[in-house]
Amino acid sequence: MAENTIALAGFILTLMVFSYLLGDVPLIGNLYRIAVYIFIGMTAAFTLIVSYEGVILPYLQDIQDPATTWTSLGNRADIYIFFTALLFALLLLLKPVKSLTWLTNSVFAVVIVVGAAVGVVGALTGTLFPLLQATVAIPDDLTGDFGALVDTLLIFVGTMTGLYYFHYQARSRADGGAEQSSVGRGFRHIGKVFLVTALGAIYASTILTCLTILTERIGFLIQFGA
Amino acid sequence: MLKDIVGGPLQSQEGDGRRLPRPASVFSLSAFPRLLGTALLLLLVSLPFVSSDFAEGELPPAEFHEDRHGPTTFYNLLDNITSDDYILVAFEYGPAAAGELDLLAELLLRHIFAQRATPLIVSSNPIAVVHAQNIIKKINRSIDTAEGRLAVNEDYYLLRYLPGGALGLRELSENFADIARVSARGQLTGLDFTSLQDMTLMALITDSSEDVRNWAEQVLPEVEDMDLLIATGYAAQPLAQAYADSLDDVIGPVYGIRDAYTYGKKLEANFGALLPDEPVVEPVEASSDVGDNNIVEEPQVERARATALPAAIATQAPTATSTPTATLQPTATDTPAPTATDTPAPTATEATFLAVEVISPQRVNIRRRPTTVDDVLALGYPGDLYEVLGTNGDGSWYEIALDNGLEGWVAAFLVEERVVTASEFAGGRTNDSASLPGERAVMRLDFTFRLGKNEPRFYQALAPESGDRTELVLGRDRSQEIPRLQAMTMGTLAAVLVIVIGNLLYAIRGLLQRRKSPSV
């Protein structure tokens with residue numbers, strides 16, 4: 001019974017989302033919005049519950065743990081962190097008060113700076129250095145593996161010209177204009193080809209994702225109606 | 001945060017506070033081309049579901065393509081985990097991507113459960129935590145008996161949600177012990193890990209390139225010698241592929257519905273090959289690299305074990321469980337009867353063969369070729385025994401037989417040679433891994449899996465009497481898979497048609513406008 005109800009709700013909500021295709025027709029046009037609002041509302045509620053149960057509640061339980069005393073270092077550190085987080089949360093609530101917006105912004109600044117620092121370190125150790133090493137890695141036996149040689153050359157040319165595409169250098173002309181060298185233009189064109197090909201592949205992949213999701217929904221609708 | 005959760009096109013419209021743009025009415029002329037294109041797309045995508053006359057497109061292969069660190073390695077690593085292993089599974093997709101990734105996620109979890117390992121599910125997306133629980137509920141619904149169903153905080157763990165995106169992942173990698181202590185519902189899990197290094201593998205399921213990047217940047221550099229298996233949607237595949245091609249620790253990606261189909265077929269073949277009406281273990285050819293007498297005898301012993309062990313273990317199975325059921329009893333039809341042609345009938349307990357025992361205190365990698373840069377086929381654990389098939393030229397690597405019929409290579413300094421009998425081989429296992437061919441065969445023969453760490457119990461997942469056994473082993477409804485694949489082909493066709501027709505119309509309109517405009 002419960003499963004049937006859930007399936008029926010899914011069927012109706014799917015049709016409501018598909019009503020977007022019919023455009024801004026009175027009544028029908030609002031069905032899409034209602035479905036979106038239901039989804040966002042439920043998402044917000046679930047987020048609140050999961051955050052409270054999984055993050056906030058265990059933290060509160062931890063600092064009240066009778067096994068540790070207020071004087072123990074571990075417990076004190078937890079309490080300091082808790083009150084700092086509470087203070088930051090309260091400061092965020094001051095956003096509507098224009099004269100105190102700077103306090104809210106300072107909280108955002110801390111979060112953004114810490115996030116950026118973590119992001120930069122991660123990008124260097126997890127992406128840039130390893131990918132750089134892989135890019136410049138030359139196969140042991142270039143003569144024996146023609147495919148590997150082509151791969152290495154393509155990666156090298158693609159990386160260099162792709163980077164060059166974002167670099168603009170020109171010499172000034174007598175009439176005050178700027179003139180780019182023909183070699184530079186050539187590099188930029190090649191870089192553009194690599195970039196467009198990469199973006200095209202990503203876009204095609206995204207279309208395939210959309211198609212996959214669409215087939216699942218269509219199959220669900222047809223199966224439900226059958 | 002809602003932008004992250006909702007994802008897709010909604011976020012850019014709703015996330016910055018603006019109202020959703022109202023689409024043009026269907027009755028307006030400007031909406032007509034859009035409606036026509038959409039109608040064509042919907043029509044073509046729907047046809048395979050209603051008529052087999054529109055079954056266009058080839059089905060994906062039943063095997064993954066061989067690729068370094070690719071899907072084959074992804075599968076093999078999961079196929080060799082044991083009940084001692086904890087797998088960190090990152091669910092990084094929400095309901096919006098469920099239509100694409102649920103199948104892959106379910107197969108991945110079933111594979112882990114079937115290997116009797118324990119998944120620890122974690123996510124930086126709160127809705128994904130709830131969604132993961134729903135998938136496990138779905139798996140549980142396919143299990144007939146209440147006592148066999150998967151129990152939270154025993155057979156699997158849903159760890160607490162990681163707020164803060166990249167910051168949350170950084171906390172996971174540096175403070176894993178605390179995170180593993182608490183479940184998503186705020187309960188104590190009882191898990192006592194020291195660090196993320198205690199995991200055997202990590203698996204990431206995501207629809208977003210950003211998640212791939214975050215895991216590769218914030219988590220992977222913090223662990224040593226641990227593989228990250230990646231399963232993605234099509235949209236995240238290009239970036240995931242770049243990481244897999246460049247980093248030794250990134251395995252995969254397995255992506256999209258086509259790979260999900262192949263994954264399902266491989267599981268089907270793996271489990272189905274062990275069914276009673278099919279050969280349990282293929283005879284293994286002796287290696288030509290080493291002319292040792294012990295090794296020459298090896299194929300005979302292999303066949304003897306393949307037939308002798310199931311019977312021995314099958315009789316032990318009911319005593320191992322406190323509640324033996326009829327389905328656990330081996331029957332004459334379910335048990336492969338050794339025949340004179342199949343079995344040379346040596347006394348398996350007297351035959352000896354050369355084996356190696358893992359002496360390394362850490363798990364060891366078993367690779368496809370005798371080099372550290374080749375694919376990892378399986379993991380070996382301290383005390384594990386493997387039959388030796390040969391060695392490389394300088395004796396620094398042993399070629400060994402794996403339980404799944406594959407042959408792999410292990411570095412000689414990690415193992416020790418031993419001459420063992422078949423019974424020693426069977427009794428010499430220090431863990432209850434499923435890597436002994438006969439044992440694994442009989443486990444699946446009876447459709448009985450043992451799960452749980454603290455209180456081992458037999459997990460009667462499926463009833464062997466009913467329906468197609470392979471279907472039951474996989475335990476999921478596959479009726480939609482093939483029409484969906486065909487619908488994908490039709491959808492691609494529709495997309496190409498719409499693009500081509502649209503561009504033609506655009507070109508014609510341009511020509512007409514040029515003709516009308518006065519020449520300059």
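1. A residue is called buried when its relative accessible area is under 20%, exposed when over 50%, and partly exposed in between (1.4 Å probe, protein chains only). By that rule, B:K266 counts as buried at 10% relative accessibility.

2. A word on what you are looking at: this is a predicted model, where local features need pLDDT of at least 70 and side-chain atom pairs count only at pLDDT 80 or more, while totals for chains, interfaces and linings use all residues. Residues are numbered from 1 along each chain as its sequence is written, chains are lettered from A in the order in which they are written, and side-chain values use heavy atoms, without hydrogens and water.

3. Back to B:K266, which has a partner: its closest N and O atoms to B:E63 are 3.0 Å apart, forming a salt bridge (a side-chain nitrogen of Lys or Arg within 4 Å of a carboxyl oxygen of Asp or Glu). This pair links distant parts of the chain, 203 residues apart, with B:K266 in helix α11 (residues 256-272) of chain B. Helices here are DSSP runs (H or I, at least four residues), numbered from the N terminus.

4. Which residue forms a salt bridge with B:E174? The partner is B:R170, with the closest N and O atoms 3.4 Å apart. Both sit in helix α7 (residues 166-174) of chain B; because they are four residues apart, about one helical turn separates them. B:E174 counts as exposed at 56%, whereas B:R170 counts as buried at 11%.

5. Helix α8 (residues 176-181) of chain B holds B:D178 and B:R181, three residues apart. Their side chains meet in a salt bridge at 3.6 Å, N to O. Here B:D178 is partly exposed at 38%, and B:R181 is partly exposed at 32%.

6. Now look between the chains. The contact (heavy atoms within 4.5 Å) takes 67 residues from chain B and 53 residues from chain A. About 5000 Å² is buried between them, and carbon and sulfur atoms give 69% of that; buried area is the accessible area (1.4 Å probe) that two parts lose on being put together, summed over both. The rule finds one salt bridge across this interface, and B:R185 and A:E53 meet in a salt bridge at 2.6 Å, N to O. On the side of chain B that touches chain A, the largest share, nine residues, comes from helix α3 (residues 32-50) of chain B.

7. Finally, A:F46 lies in helix α2 of chain A. With a relative accessible area of 33%, A:F46 is partly exposed.

Technical notes. Helix = DSSP H or I, 4+ residues; strand = E, 2+ residues; numbered from the N terminus.
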